[in-house]
Amino acid sequence: MTAAPSIPHVVGVLGGGRMGAGIAHAFLIKGATVVVVERDHESAAGAQDRVADAVAKSAARGALSEPAEEVLSRFSTSTDYGSFVHCGLVVEAVPEDYKLKVAALKAVEEHLSADAFLASNTSSLSVTGLASQLRRPANFVGLHFFNPVPASTLIEVVLAKETSAELAATAKRWTEALGKTAVVVHDAPGFASSRLGVAIALEAMRMVEEGVASAEDIDAAMVLGYKHPTGPLKTTDIVGLDVRLGIAEYLQSTLGERFAPPQILRDKVARGELGRKTGKGFFDWTE
């Protein structure tokens, strides 16, 4: 299978955690050759396992147009940024830390051709700010994938001030080729999705803190009353309480006190109750 005309033939992903592996899987099953670069061999092996598992699950659902082994033959991992040299697109998916992302993006850019594109999967940081640190800001865009990537039908395309019109249109075509829907927003703190999602989640946390209702009942109100597929507190557990705290602190610093994290969130993060990944957050995930 060759890559669909609307996506690059060779795609790179920096970071092979849950999100990075999901992004790699999304491009891989649509025919692209994909390389994931990780910080060390152990992390690269973990990325290999996550992507292989995702491809196996796609095969079990009948979602592949070719055998799983052929899909995986186009996938590789590396610890060398030089592995991105032939990529038409590289998506950065490292933790949500501005300095870390800037350093990572600058390092990746050094290995890309002049006409290659670079994207960040940031969920809240300024795409314009990240672009300003690069030599080719017109070739940079935000591609905010949602967790879990295989099940999500949305990609938030975030345009920096210098993102070229060509890239803006191309990013929409990539999204459609991946079988997802693009929501295009101009760079602003939290974009559209994180800003709204975090606002609802923080209010839900305050309601738990104030004893208004249990986490289960608050989530049920949003699922049954507003048709949200998952309530704001369970979504927070899936995203990670530490991630939500970081986003809230950033939005507080840029948009004001209405995004101040409630004490219940700070306390849970301090205790290591980070949600599904640690087995406990607002819900118990050990069962």
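**Terms and their grounds**

Reply: Lys227 sits in the loop that joins helix H8 (215–226) to helix H9 (232–239). Helices (H or I, at least four residues) and strands (E, at least two) are DSSP runs, numbered from the N terminus. The model is predicted, so local features need pLDDT of at least 70 and side-chain atom pairs count only at pLDDT 80 or more, while totals for chains, interfaces and linings use all residues. Residues are numbered from 1 along each chain as its sequence is written, and side-chain values use heavy atoms, with hydrogens and water left out.

Me: Why does Lys227 count as exposed?

Reply: The relative accessibility of Lys227 is 67%, and Lys227 therefore counts as exposed. The scale is as follows: buried means under 20% relative accessible area, exposed over 50%, and partly exposed in between (1.4 Å probe, protein chains only).

Me: Which peptide bond is cis, and where does Pro148 lie?

Reply: The bond from Asn147 to Pro148 is cis, with omega near -5 degrees. Pro148 belongs to the loop between S6 and S7.

Me: Why is Pro150 called partly exposed?

Reply: Pro150, in the loop between strand S6 (140–145) and strand S7 (154–159), has 41% relative accessibility and therefore counts as partly exposed. Contact means heavy atoms within 4.5 Å. Setting aside residues up to four places away in sequence, Pro150 touches His25 and Lys180.

Me: Why are H10 and H11 called oblique to each other?

Reply: Two packed helices are described by the angle between their axes and the distance between the axes. Here the axes of helix H10 (residues 241–255) and helix H11 (residues 263–270) come within 9 Å and cross at roughly 135 degrees. Axes are lines fitted to C-alpha atoms, for helices over the stretch in contact, and angles run from 0 to 180 degrees between N-to-C directions. Angles under 35 degrees count as roughly parallel, over 145 as roughly antiparallel, 65 to 115 as roughly perpendicular and the rest as oblique. H10 and H11 are therefore oblique. Leu241, Asp242, Leu245, Glu249 and Gln252 of H10 meet Leu265, Arg266, Lys268 and Val269 of H11.

Me: How do you know that H7 is roughly perpendicular to H11?

Reply: The axes of helix H7 (residues 193–209) and H11 cross at roughly 90 degrees and come within 8 Å. That angle makes H7 roughly perpendicular to H11. Leu202, Met205, Val208 and Glu209 of H7 make the contact with Gln263, Ile264 and Leu265 of H11.

Me: What term describes H7 and H10?

Reply: Their axes come within 11 Å and cross at roughly 105 degrees, and H7 and H10 are therefore roughly perpendicular to each other. From H7, Ser194, Arg195, Gly197, Val198, Ala201 and Leu202 meet Arg244, Ile247, Ala248, Leu251 and Leu255 in H10. Ser194 counts as buried because its relative accessible area is 8%. Beyond neighbours within four places in sequence, Ser194 is in contact with Ser123, His144, Ala199 and Leu251.

Me: Why is Glu273 called buried?

Reply: Glu273, in the segment after H11, has 12% relative accessibility and therefore counts as buried. Not counting residues up to four places away in sequence, Glu273 touches Leu241, Lys268, Thr278, Lys280 and Gly281.

Me: What makes a set of residues a nonpolar core?

Reply: A nonpolar core is a set of buried Ala, Val, Leu, Ile, Met, Phe, Trp, Tyr and Cys residues joined through side-chain atoms within 4.5 Å. The largest here has 39 residues, and Phe27, Val34, Leu143 and Phe145 have the most contacts inside it. Helix H1 (residues 18–28) gives the most to this core, with seven residues. A second, separate core of 23 residues includes Val35, Phe84, Ala104 and Leu105.

Me: How do you know that H1 is mostly covered?

Reply: Of the 11 residues of H1, 10 are buried, among them Met19, Ile23 and Phe27.
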